[in-house]
Amino acid sequence: MTKYLASNDTWEIGGKRLNSRLLMGSALYPSPANMEDAIKISGSQIVTVSLRRQAAGEGGGNQFWDIIKSFGIEVLPNTAGSHSAKEAITTAQMAREVFGTNWVKLEVIGDQYNLQPDPFETVKAAEVLIKEGFEVFPYTTDDLVVAKRLADVGCKIIMPWGSMIGSGKGLMNPDNLIAIRKQFPDLQLVVDAGIGKPSHATQAMELGYDGVLLNSAIALAQDPVKMADAFRVAVEAGRLGYEAGTMKEREFASPSTPTIGTPFWHQFN
Amino acid sequence: MNIGIAGVGLVGRVLALNLLQQGHTLTLFDEDTAYGDKAAGMTAAGMLAVFAELESAESVIFDHGNRSISLWPALLEQIGISDAYQQKGSIITAHPQDYKELDHFIETLKSKVPEASEIKLLDRRELTQLEPDLEQHAKAFFIPQEGQVDAQRFMKASSDYLLSHSNVTWHQNIKVDTVRSGEIAYVGKEDTFDWVFDARGLGAQKDVENLRGVRGEVFWLDAPEVNITRPTRMLHPRYKIYIVPRPNNRYIIGATEIESEDKSPMSVRSSLELLSAVYSMHSGFAEARIVNMVTNCRPTLRDNLPNIEHSTKMTRINGLYRHGYLLAPAVVEEALNKGMYK
């Protein structure tokens with residue numbers, strides 16, 4: 001009998017064929033060495049990296065970026081710290097130079113405290129960046145109409161949040177995520193932000209999402225490397241569960257075998 | 001012995017003070033002047049935060065930190081500034097909406113060292129007894145073992161002491177090219193010694209692999225309306241901000257942590273973050289005067305931990321990162337015991 005190891009599963013995102021459906025951030029780790037171990041054990045093949053704050057001034061950022069490049073996996077530069085389409089576009093262009101990739105995680109922030117994305121500026125920036133040949137990974141809320149607008153301007157990937165960045169609250173509104181999945185069966189959908197524990201990642205994958213992107217849940221764990229391994233298994237479990245097809249929920253707890261001594265036709269009377 | 005030290009930052013100075021006590025003759029090299037401000041040790045707040053730094057560091061920091069705390073008083077006495085040492089505890093607090101950060105903080109510490117379970121959570125009344133000016137905060141941790149060294153006074157007094165010491169020759173404004181077994185090479189010359197130390201921090205990038213700079217930005221504020229007497233940290237989901245009191249109502253506010261080797265002046269974003277954080281902590285900071293805005297880079301290795309490396313007639317010490325004052329005396333002690341004194 002074959003074991004349905006999720007590692008045999010491949011998927012395509014942004015023109016690349018990958019095994020791992022776990023995308024990782026590169027902030028908040030105790031050290032770059034610890035991050036490297038966590039990423040290795042997670043099996044992740046995409047790591048996001050921020051530029052905006054690191055790139056200003058003289059000779060900024062290079063050492064840390066070199067460390068990220070040395071991991072030998074796909075680098076997804078992000079525009080974190082941008083508050084307008086214009087800032088995000090400039091950051092994306094800089095990222096293309098620095099990392100030699102047309103991938104960009106588009107992140108335009110609309111609220112300074114909770115880092116909620118600004119959907120209006122995100123759509124505006126996505127339209128410009130797609131015309132400039134970028135593969136845009138837009139970070140957005142779980143609003144279906146915003147997802148539609150992003151698809152309209154040509155996004156092939158949409159990354160709705162589970163909940164607010166760094167909140168660890170998990171999937172705040174699974175119904176909204178399901179609605180986006182139903183509306184866009186052919187786009188690559190990744191739950192980005194809000195994941196706090198492995199079960200949240202499993203849940204996102206069970207909804208039929210193509211991947212999950214997270215940072216704090218691993219980086220802020222007391223043992224980030226062990227947590228990275230936990231997320232590897234969780235994402236694989238969720239994906240396998242989705243592919244296997246979950247049973248439908250029922251309105252009552254139904255024993256699958258009759259209780260001894262009770263004729264089965266009497267059980268629910 | 002005749003000893004050469006390349007780099008007279010914090011580590012170079014602690015080394016020199018130790019070696020002079022053993023009667024050695026020293027030649028010091030630094031690309032800066034004796035009273036210059038290029039060294040990261042000049043920018044530091046000098047906190048001896050043996051617990052608080054553990055939140056984002058490994059537990060080896062704890063052992064080295066405790067050892068350093070016991071070594072600092074003698075070092076400061078040696079250069080005549082015993083009063084630059086303070087150990088009356090530190091405060092960790094957060095805004096009410098960020099109280100979860102306090103939980104995360106203490107849980108992380110407890111997972112690293114069992115001693116953390118003794119850290120006490122104060123309510124408003126207990127906190128106000130310790131620090132009346134922090135009365136607006138309803139919850140805070142108090143860590144009695146923590147303290148601080150007045151970093152800027154240490155740097156100045158150690159310069160005075162070393163410059164006037166008859167066993168010390170200090171080559172200022174000399175950029176060292178390389179340090180190797182028993183040799184320090186600079187501007188086409190090579191001096192030989194019985195033992196050499198490489199304590200150049202980021203200046204050693206050519207000789208030390210995987211060494212990077214991590215940018216930090218700090219303010220110096222004069223705030224006559226504020227009377228906070230202990231190092232105080234404010235936890236926030238994205239920033240870690242501390243207020244370190246100095247004499248005469250001066251406060252060092254820091255520090256950002258940005259993965260960049262850029263030493264250019266402070267950014268507007270960083271200044272907004274730091275200043276709005278301190279203002280929200282105590283409204284008396286509104287009328288504080290900005291005395292200085294400083295940027296520097298911390299010499300850091302891949303694991304963010306210090307490294308000591310020995311070879312024939314040579315010891316390199318590097319990577320003290322954001323823990324310079326917390327670790328230097330213990331790291332230097334270990335470097336000497338396992339190297340030159342072995």
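Two strands are said to pair if DSSP finds at least two bridges between them. Helices (H or I, at least four residues) and strands (E, at least two) are DSSP runs, numbered from the N terminus. The model shown in these views is predicted, with local features requiring pLDDT of at least 70 and side-chain atom pairs pLDDT 80 or more, while totals for chains, interfaces and linings use all residues. Residues are numbered from 1 along each chain as its sequence is written, chains are lettered from A and ligands numbered from 1 in the order in which they are written, and side-chain values use heavy atoms, without hydrogens and water.

**View 1. The open sheet of 6 strands in chain B.** The strand order is 9-2-1-13-20-19, and the pairing is mixed. At the edges lie strand 9 (168–171) and strand 19 (307–311) of chain B, each of which pairs on one side only. On average, neighbouring strands are turned by 15° against each other, direction ignored; axes are lines fitted to C-alpha atoms, for helices over the stretch in contact, and angles run from 0 to 180 degrees between N-to-C directions. Helix 1 (residues 10–21) of chain B packs on this sheet and touches strand 1, strand 2 (25–29), strand 9, strand 13 and strand 20 (314–318) of chain B. Contact here means heavy atoms within 4.5 Å. The direction of helix 1 makes about 165° with that of strand 1 of chain B.

**View 2. Strand 1 beside strand 13 in chain B.** Strands of a sheet pair through backbone hydrogen bonds, either parallel or antiparallel. Strand 1 (residues 2–6) and strand 13 (residues 195–198) of chain B run parallel and are joined by 4 bridges. B:Ala6 stands opposite B:Asp198 of strand 13.

**View 3. The open sheet of 3 strands in chain B.** Its order is 3-8-4, with antiparallel pairing. Strand 3 (47–48) and strand 4 (85–86) of chain B are the edge strands. Between strand 3 and strand 8 (residues 147–149) of chain B there are 2 bridges, and B:Leu48 stands opposite B:Gly147.

**View 4. The surroundings of B:Ala39.** B:Ala39 is found in the loop between strand 2 and helix 2 (40–43) of chain B. Neighbours within four places in sequence aside, B:Ala39 is in contact with B:Gly9, B:Asp32, B:Met155 and B:Asn296. The C-alpha atoms of B:Ala39 and B:Gly201 are separated by 8.4 Å, although these residues are 162 residues apart along the chain.

**View 5. The interface of chain B and chain A.** The two chains bury about 2,200 Å² between them, 47% of it on carbon and sulfur atoms. Buried area is the accessible area (1.4 Å probe) that two parts lose on being put together, summed over both. The contact takes 28 residues from chain B and 25 residues from chain A. Across this interface the rule finds 1 salt bridge, that is, a side-chain nitrogen of Lys or Arg within 4 Å of a carboxyl oxygen of Asp or Glu. A:Glu36 forms a salt bridge with B:Arg302, their closest N and O atoms being 3.6 Å apart.

**View 6. A salt bridge within chain A.** The side chains of A:Lys16 and A:Glu74 meet at 3.1 Å, N to O. A:Lys16 lies in strand 2 (residues 16–18) of chain A and A:Glu74 in strand 5 (residues 74–78) of chain A, so the pair ties together parts that are 58 residues apart in sequence.
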